[in-house]
Amino acid sequence: MDLMESIRQNFIDEDRWKYLFDGLMTTLLITLFAVLIGLALGFLVAIIRSTHLKTGKLTILDFFCKIYLAVIRGTPVVVQLLITYFVIFGSVDISKVLVAILAFGINSGAYVAEIVRGGIMSIDNGQFEAGRSLGLNYRQTMQRIIMPQALKTVLPALANEAIVLLKETSVAGYIAIADLTKGGDIIRSQTFSPFLPLISVALIYLVIVLFLTHMTGKLERRLAANDRR
Amino acid sequence: MKKITLLLLITVLCAVALTACGSKKENTVHSIDDLKGKKIGVQIGTTGDTLAGDIENAVVEKYNKYADAVQALKQGKIDAVIVDSDTANVFVNKNKDVTLLSEGFADEEYAIAMHLDNQDLQMEINGALAELKSDGTLKKIKDFYDGDKSEDSDMKPYTKNENADRSKGTLVMATNSEFPPYEYVEGGKIVGFDVDMMNAVCDKLGYELKIEDMQFDSIIAAIQSGKADVGVAGMSVTADRERNVRFSDSYTVTHLVVMVRK
């Protein structure tokens with residue numbers, strides 16, 4: 001079979017390109033909201049953890065956070081996804097995309113938390129002490145002095161985490177979500193030709209990741225430029 | 001201390017909210033016509049997948065394996081599962097809360113798939129299948145896997161002939177071990193009707209059988225790319241598949257059925 005014929009069969013016949021397009025939309029939707037949940041959760045956990053490390057308060061919350069980090073980072077995301085779908089929401093009729101958003105969001109939150117905590121802890125303690133001696137309380141010091149500096153340090157790492165998450169969502173097919181990877185699989189199961197569906201799925205991921213990497217690079221340069229006064 | 005109490009309260013509330021939703025969903029599918037507009041679970045790449053795609057307004061959920069589709073059916077996430085009759089019976093026997101509709105779909109024939117160019121292998125396998133059919137071996141294997149294996153002690157699976165000639169080398173069989181009674185995992189080994197039948201075929205032809213377990217929708221690709229010599233996975237002969245692989249004579253006849261909640 002020549003290439004044109006193969007392209008026609010895999011993408012044009014029966015509007016098969018729609019599997020890829022719809023799949024891409026689902027993948028982007030899951031990634032976007034999972035990233036948002038991950039950021040919210042991650043910042044919360046990071047603030048609790050760093051507050052505990054700096055002040056020794058919030059012992060119990062810190063304990064729960066530690067369990068959360070250990071469990072989420074210690075188990076594969078596919079298993080977490082299946083548990084969320086078949087166990088936690090076992091008897092609930094819930095949108096699968098929502099299940100995926102929650103599972104990937106909670107997963108990402110653990111990694112974001114460690115990245116952000118690393119950022120907060122990397123700021124010299126002198127900054128913190130300076131803030132306190134100027135009469136700012138703990139919260140004000142964190143908000144106005146520590147966090148702005150920490151954020152700048154961790155932004156590139158956070159962008160990277162988003163990129164990793166985008167690729168991780170490819171296991172969503174396990175709970176029969178028609179995401180981009182599954183879209184390619186569906187075409188493959190109908191046309192029996194592995195080459196084009198797989199290569200095009202890979203290319204689509206690659207283009208998105210390259211775009212995001214490019215934007216991250218730009219962001220990093222902008223942040224660096226700000227340093228050279 | 002306030003914060004901790006609040007946190008505990010929220011956790012408990014969430015847990016209660018989740019379990020409170022645990023009511024069973026009523027079955028709404030009583031005939032094949034009822035499938036219109038329903039959520040139908042299938043295994044990706046199977047004939048059930050193709051068939052469900054033609055049902056009006058139906059949402060087809062393509063799972064990687066039947067077991068997951070049945071699980072989702074039991075939990076009320078989907079309304080029905082379209083699955084091959086023999087496999088459906090195994091699932092129904094193991095799960096008390098699912099049942100089958102009495103009406104089914106048209107008959108389908110299972111056959112062994114191989115590369116389009118491999119006419120010689122097709123001739124060999126057809127010869128061996130004909131022998132196994134005429135000497136009753138195939139029937140015996142079928143009876144064993146259809147029967148209740150726990151009670152009948154006189155029924156045994158096919159035992160590989162250890163002294164058989166293996167001079168022709170290895171025959172790689174691609175299968176998907178999620179399809180009882182044709183192929184499934186028991187005691188860490190892939191067993192089932194297809195496995196026993198292929199062992200019998202290899203004993204006759206002088207091959208050493210090697211089983212490669214993979215996703216069902218990858219089997220045809222594995223044959224086309226030469227990673228497997230034959231695909232034996234309860235695979236129905238369809239016009240689409242025949243354009244991509246060569247099929248042997250059929251070795252069994254089944255049909256698709258609809259599984260629903262009780």
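A: Happy to; we can go from the model itself to the chains and their parts.

A: This is a predicted model, in which local features need pLDDT of at least 70 and side-chain atom pairs count only at pLDDT 80 or more, while totals for chains, interfaces and linings use all residues. Residues are numbered from 1 along each chain as its sequence is written, and chains are lettered from A and ligands numbered from 1 in the order in which they are written.

Q: Thanks! What ipTM and pTM does the predictor give the complex?

A: The ipTM is 0.76 and the pTM is 0.82.

Q: And what pLDDT does chain B average?

A: Chain B averages 88, and 88% of its residues score at least 70. Here pLDDT is the predictor's confidence in each residue, from 0 to 100. Helices (H or I, at least four residues) and strands (E, at least two) are DSSP runs, numbered from the N terminus.

Q: How many residues of chain A are in contact with chain B?

A: 15 residues of chain A are in contact with 20 residues of chain B. Contact means that the C-beta atoms, placed from the backbone, lie within 7 Å. On the chain A side, the largest share is 4 residues from helix 8 (residues 180-191) of chain A. That side has 8 nonpolar, 4 polar and 3 charged residues, where Ala, Val, Leu, Ile, Met, Phe, Trp, Tyr, Cys and Pro count as nonpolar, Asp, Glu, Lys and Arg as charged, and the others, Gly among them, as polar.

Q: Switching to chain B: which domains does the assignment give?

A: Domain 1 covers 27-107 and domain 2 covers 108-253, with bounds from an automatic or database domain assignment. Their centres, taken over C-alpha atoms, are separated by 25 Å. 14 residues of domain 1 of chain B are in contact with 12 of domain 2 of chain B. Helix 4 of chain B gives the most to the domain 1 side, with 3 residues.

Q: How many helices and strands does chain B come to?

A: Chain B has 9 helices and 12 strands.

Q: I'm looking at strand 2 of chain B. Why is it largely enclosed?

A: 4 of the 5 residues of strand 2 (residues 59-63) of chain B are buried, so the rest of the structure largely encloses this strand. Buried means 20 or more other C-beta atoms within 10 Å of a residue's own, exposed means 12 or fewer, and partly exposed is in between, with C-beta atoms placed from the backbone.

Q: How does strand 1 of chain B pair with strand 2 of chain B?

A: Strand 1 (residues 39-43) of chain B pairs with strand 2 of chain B in the parallel sense over 5 bridges; strands pair if DSSP finds at least two bridges between them. B:Q43 is opposite B:Y63.

Q: What about the hairpins? Which strands are in them?

A: Strand 7 and strand 8 of chain B form one with 3 residues between them, and B:F179 has B:E183 as its bridge partner. In the hairpin of strand 8 and strand 9 of chain B, 2 residues lie between the strands and B:G187 takes a positive phi near 60°.

Q: Last one: where is A:I115?

A: A:I115 is in helix 5 (residues 96-122) of chain A. A:I115 is partly exposed, with 19 other C-beta atoms within 10 Å. Not counting residues up to four places away in sequence, A:I115 touches A:V154, A:A157, A:L158 and A:E161.

Note on methods:
Two residues are in contact if their C-beta atoms, placed from the backbone, lie within 7 Å.
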